[in-house]
Structure formats: C-alpha cells, structure tokens
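Hi,

Here is the structure I said I'd pass along. Have a look at it first, and then read on for what turned up in it.

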Amino acid sequence: MTDLSQDEQWMRMALRLAARGRLTTRPNPMVGAVVVRSGRIVGSGFHRAAGKPHAEILALRQAGASAVGATLYVSLEPCAHTGRTPPCAEAIAAAGIRRVVAAMIDPNPKTNGRGLRWLRGHGIRTKVGILGEEAKRLNEVFITWIRKRRPFVTVKVAQSLDGKIATRTGESRWISGLEARAWVHRLRAQVDAVLIGVETVLKDDPLLTVHSAKGNNPIRVVLDSHLRTLANARLFSSCSPVLIAAARGASYQKEKKLRQAGAEILRLPARDGRVDLQALLRQLARREISHLLIEGGGETIASAFAARAVDRVCWIVAPLVVGGRQAPTAVEGMGVSSLNQAVRLKDLSVQHLGPDLLLQGYVHWNR
C-alpha cells in the first residue's frame, strides 16, 4: 500500500469519526482524529460539543505513550490559539507526534494555517489536502458561517408533481407521505433554526418541532414584517424559542402581546416594506445559528432566492397532481424574466422516500 493510499485510509476513518458529532458540535465544526503508529491505530476521538475536548486531545489521551513518533490524522487543521479550550498544536508537540496529516485548513481566521505553521516550526512534519473535498462537504455549514458571516441556508419543499404546495382552498396536509415526513424531522434535528413566513403561521399553524427523530428542537423563526402572528399560535406551545423578525415600524402593542406569549422580537431594517432577509441572516449568525432551514411559504422561499442566500435545496415531490390557478406554488415572488436568470443546481441526487421522490442539490450562483 502506497503512502497516499495509507493516508487516505486513515483520513477516511477520521472523517467517519467526525460525522458522529453532527447533532451536537454546532457552531463548532465536526472533527475526527486518529493516531497511527506502525500501521496500527493507537488512539482516536471526535469532537462532541463546543467547550468539550477537541478530537486531537481525545485521540492523544487514548494513545498515551504510544503517541511518541506516531502520525496524527485529523479532518481539520489543529488550532494554535486558546478559545473555549487550550490550543491543540501544543498538546500535539508535547505528546511526541512526529507527523500531522490534515484534510483541510481551518477557515477560522484565528487559525487559518497558523496551526500547521506552528507545528512545522516545532519540527513536526505536516501534510494537508488528503480527502480535502470530502472534509469541506462535511463541514459546509461551519465554512459558510465562518466565511460569509451568515448561516448555511437549506430550503425544504414538499410539493405535488405539478409544483403545488397546497390546494386552491389552502389544504396542505399531507402532500408528502409518512417516510418523507419522518425524513424532514431528521433534517430539523440537524439544523439550528427553522424559518417560515407569517402566512404559513396563519394558514397552517405549525409546530416545527422534532418528533420521530433523535435531536433537539430547532429555534423557530417567523418572518413577520408587521407582526401579524397570533399570540395563541401553536409555535408558543413548546419550550423551544420563537424569534419573530419584524420591521422597525411594526406595532409595539402587538409586540407586547407576542412577548407575553413567549416570543423574542427582532426589530430589523425593511426593504420594500418587508424585513431585509440579509439583515436577519446576519443577526442569526451573531447568535451562533450556523444552519438555517427555510420551510416556506412560497413568498418566503422566493425572497431567499432573490437575496441569493440559498445554499442547498431539498425538494420532496409527491406523485399527486393538484392543479388550480389559485393553488400556491413552492416559489412565488416575481420570478425571473428569462431562463438564463433561473437558479441552477449542481451535485444533484435523487432518492425514494416511500412513494415520494427527494431531490437534493446545491445552488450554483453565477457571480
């Protein structure tokens, strides 16, 4: 086995370990680490949560004296600064590691190459880029949050074959089947917050909680420029926080009632009479909300596309034909005037969820 294939083998194991922190590490990245000596794993670990020991530290603890002269494989560059935990680079050197292989550079400006430079400066050989694309995809949420200072945004839609999200009378439960709805609950458990528009609150009165899945309820965010949300909405019946994004000129009397119901009101700048979505995303990022799921309705999703803020789409298509000129569609708004302005997807995948199809892809923005 060549050195490259050996490096890939151990790095793949580090990535698998990293993925075990998917539900718990945010806003921190998912990181896995493996200590290898003489072709054998002597220590391993993954980062579990912010403030908990980093993956490298756990792997070194497990390796003990066997770390001397070993190679450390880690899915993200080790840190060289003190944050919630001490710097990992110093612990790596103290353990006697002779070589560090990292899948990718840490995009956090506090690290961003400093960790590897520190290690090299202390006589430790380094290599970076092994399975780098896989590592970037694993931590796409963290990378977006750090680099763009906004959450990674996923749009989820459940629609009929002809693109309707409800009938002309507003009936929408249930367009998708049981398997698809269970998948959505698993998706909610992986995000920090779920965003809907006030029309969805008024028409569907959803809970937006996690039911048949492991994980915590997300924060619920309502885009409600004029504070039309009702104080008896079901959103307030669970203990998960509710944030309502309102324009600065919205009624303070309505705000008082919604605060009494349990909401936190975010007063934000407006654009064309509606809350500026980019301003909201920046506010959410400052609250360490790194992954935002937008579930509707059509105007809210349209505004996210218009703001060029969508990173990924999850489109559930049910084998139903609803029809109707007045039946709402998944993406409304003004729409584009020519096909060359249409939003295009890349890395598209398709899978069955019972009778429904799930199409997932990443938005390709022509910048």
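Before the details, one cut-off: a residue counts as buried under 20% relative accessible area, as exposed over 50%, and as partly exposed in between. Arg259, with a relative accessible area of 40%, is therefore partly exposed. Please keep in mind that this is a predicted model.

Glu255 counts as buried, because its relative accessibility is 7%. At the start of the helix (residues 252-261), a side-chain oxygen of Ser251 comes to within 3.2 Å of the backbone nitrogen of Gln253. Just after H9, Gly262 has a positive phi of about 120 degrees.

On to the other charged pairs. Side chains of opposite charge can pair when their charged atoms come close. The structure has 15 salt bridges. One of them joins Glu295 and Lys156, with 3.4 Å between the closest N and O atoms. Glu295 is in strand S13 (residues 291-296) and Lys156 is in strand S6, so this pair ties together parts that are 139 residues apart in sequence. Glu295 has a relative accessible area of 15%, so it is buried; Lys156 is buried as well, at 10%.

Another salt bridge links Arg137 to Glu140, where the closest N and O atoms are 3.3 Å apart. Arg137 is partly exposed at 39% relative accessibility, while Glu140 counts as buried at 16%. There is also a network of salt bridges that links Asp7, Arg99 and Lys127.

Phe142 and Trp145 are both buried.

Ser160 is in strand S6 (residues 152-160), and its relative accessible area of 0% makes it buried. Leaving out residues up to four places away in sequence, Ser160 touches Ile175, Val317, Ala318, Leu320 and Val322. The Ser160 side chain also makes a polar contact with the side chain of Asp162, at 2.4 Å. Ser5, in contrast, is partly exposed at 28% relative accessibility, and its place is in helix H1 (residues 3-19). From Ser5 to Gln351 there are 346 residues in sequence, and the two are 31 Å apart in space, C-alpha to C-alpha.

Last, the surface. Val343, Leu345, Leu348 and Val350 make a nonpolar patch of about 340 Å². Of these, Leu345 lies in strand S15 (residues 344-353) and counts as partly exposed, because its relative accessibility is 40%.

Cheers

Terms used:
Residues are numbered from 1 along each chain as its sequence is written. This is a predicted model: local features need pLDDT of at least 70, side-chain atom pairs count only at pLDDT 80 or more; totals for chains, interfaces and linings use all residues. Side-chain values use heavy atoms; hydrogens and water are left out. Helices (H or I, at least four residues) and strands (E, at least two) are DSSP runs, numbered from the N terminus. Buried means under 20% relative accessible area, exposed over 50%, partly exposed in between (1.4 Å probe, protein chains only). A polar contact is a pair of N or O atoms within 3.5 Å; within protein, one must be able to donate a hydrogen and the other to accept it, and residues adjacent in sequence count only if both atoms are side-chain atoms. Contact means heavy atoms within 4.5 Å. Patches are made of residues with over 30% relative accessible area and no salt bridge: like charges are joined within 9 Å, nonpolar side chains (Val, Leu, Ile, Met, Phe, Trp, Tyr) within 5 Å. Accessible areas come from the Shrake-Rupley method with a 1.4 Å probe; for residues, only the protein chains shown count as cover. A salt bridge is a side-chain nitrogen of Lys or Arg within 4 Å of a carboxyl oxygen of Asp or Glu.
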